[in-house]
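Please look over the sequence and the model before reading on.

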Amino acid sequence: MTPFGTTTRGEPVHKITLAAGDLTVSLLTLGSIVQSVRLAGVAYDLTQGSDNLADYEGPLRYHGALIGPVANRISNARAIINGMSYELERNQDGLFLHSGKNATHLHLWQVEEVTATTARLSITLADGVCGLPGNRTITALWEVRAPGTLHLTATATTDEPTLMNLANHSYWNLDGTDGWDGHHLRVAASAFLPCTDLFYPTGEIVDLDDAPDMDLRAGRVVSVHAPDFDNNYCLSDQREPLRDVCWLRGQSGVTMTIATTEPGLQVYDGRHAIRPGKAAFEGLAFEPQFWPDATNNPAFPSILLRPNDPWAQISEWRFSR
């Protein structure tokens, strides 16, 4: 581990660098952030990050982070759990977005164990943090595996019924260019969730046969605004064994395959994810997760976590050139 900087709260942040085969990955103890992903023979970083800690406390507060306890949006900023109503922070347009000001991406994670190829980080959220019940512990085991795989196993426990839906929020550009336009993208989903003007699901589950502009099953070259992406792709209706769900290829020939256990994959075009000195649409985000706003949509897979329930999210990113 090496020092990375000090937060505005005076907390020291460290960088952890893991390597195996052709892949080198750097993580931050702030937010369990994936700060850098480098592939041998490629002269640029594959993920959008920063060497400046202040950026992660400002415009890059979601870049690369493991967001929880509930990623994405809860439309009415209210959750009903075991018949009890919980009022949540309205931190964007009256919505509860990415768990608000006390979410996991804004705090230091404890370093449990580090080797040359693995890092185990954890964070504890006390009862009531982020407006939700339960003393919760979240653990992230990051592993770099030869020749070019980043593997994440995230686990969570609680002592009261609560909501849990984590998502890694990395942005990717496999060409090292100013924008992702021209990448080839395929997603193994037969349905998606259309959104309102405030980007939370309408509640409809739309078959992609009826929405050809959003259909990525066959794979195609994607371009900015053709269409706009900030939607959940429905991979399944429950957690599944680890399987490949997303394939991205740059014009450079660098490829990334995402596998996950999760039933959803949020695809976001980065229109508002602007790094200092850069422009919009620099990178694409792919967020393995449960479907957003599930607490308000009974037809969506449930994100309720009870005491003693097993809870494990597994995702991996495989790179080649």
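## Basis of the model

This is a predicted model, in which local features need pLDDT of at least 70 and side-chain atom pairs count only at pLDDT 80 or more, while totals for chains, interfaces and linings use all residues. Residues are numbered from 1 along each chain as its sequence is written, and side-chain values use heavy atoms, with hydrogens and water left out.

## The six-stranded sheet

Strands here are DSSP runs of E with at least two residues, numbered from the N terminus. Two strands are said to pair if DSSP finds at least two bridges between them. An open sheet is built from six strands in the order β16-β25-β24-β21-β18-β19, with antiparallel pairing. Its edges are β16 (171–172) and β19 (206–207), each of which pairs on one side only.

Two bridges link β16 to strand β25 (residues 284–289), again in the antiparallel sense. Across this pairing, Tyr 171 stands opposite Ala 285 in β25.

Strand β22 (residues 243–249) is joined to strand β17 (residues 184–187) by four bridges, and the two run antiparallel. His 184 has Arg 249 in β22 as its bridge partner.

β22 also pairs with strand β23 (residues 255–260), through six bridges in the antiparallel sense. Here the bridge partner of Arg 243 is Thr 260 in β23. The hairpin of β22 and β23 has five residues between the strands, and Gly 253 in this hairpin takes a positive phi near 95°.

## A buried leucine

Leu 305 belongs to strand β26 (residues 304–305). Its relative accessibility is 1%, so Leu 305 counts as buried (buried means under 20% relative accessible area, exposed over 50% and partly exposed in between, with a 1.4 Å probe and protein chains only).

Which residues touch Leu 305, leaving aside its neighbours within four places in sequence? Its contacts, meaning heavy atoms within 4.5 Å, are Ala 156, Thr 157, Thr 158, Glu 160, Pro 161, Thr 162, Met 164 and Trp 311. Thr 157 is 148 residues from Leu 305 along the chain, yet their C-alpha atoms are separated by 7.9 Å.

## Backbone features in loops

Cis peptide bonds join Gly 68 to Pro 69, with omega about 5°, and Ala 226 to Pro 227, with omega about 0°. Pro 69 is in the loop between β5 (66–67) and β6 (73–74), and Pro 227 is in the loop between β20 (220–221) and β21 (230–234).

Asn 82, in the loop between β7 (78–81) and β8 (84–87), has a positive phi near 55° although the residue is not glycine. With 60% relative accessibility, Asn 82 counts as exposed. Asp 93, in the loop between β8 and β9 (96–97), has a positive phi near 50°. Asp 93 is exposed too, with a relative accessible area of 56%.

## The largest pocket

The largest pocket has a volume of about 400 Å³. A pocket is an open set of points on a 1 Å grid over the protein atoms alone, where a 1.4 Å probe fits, with protein on both sides within 12 Å along at least five of seven lines. The volume is the space filled by probe spheres set on the points, which are joined across faces, edges and corners.

The lining (residues with an atom within 4 Å of a point) has 21 residues, and Tyr 62, Arg 73, Gln 92, Tyr 268 and His 272 lie nearest the centre of the pocket. Eight lining residues are nonpolar, seven polar and six charged. In this division Ala, Val, Leu, Ile, Met, Phe, Trp, Tyr, Cys and Pro count as nonpolar, Asp, Glu, Lys and Arg as charged, and the others, Gly among them, as polar.
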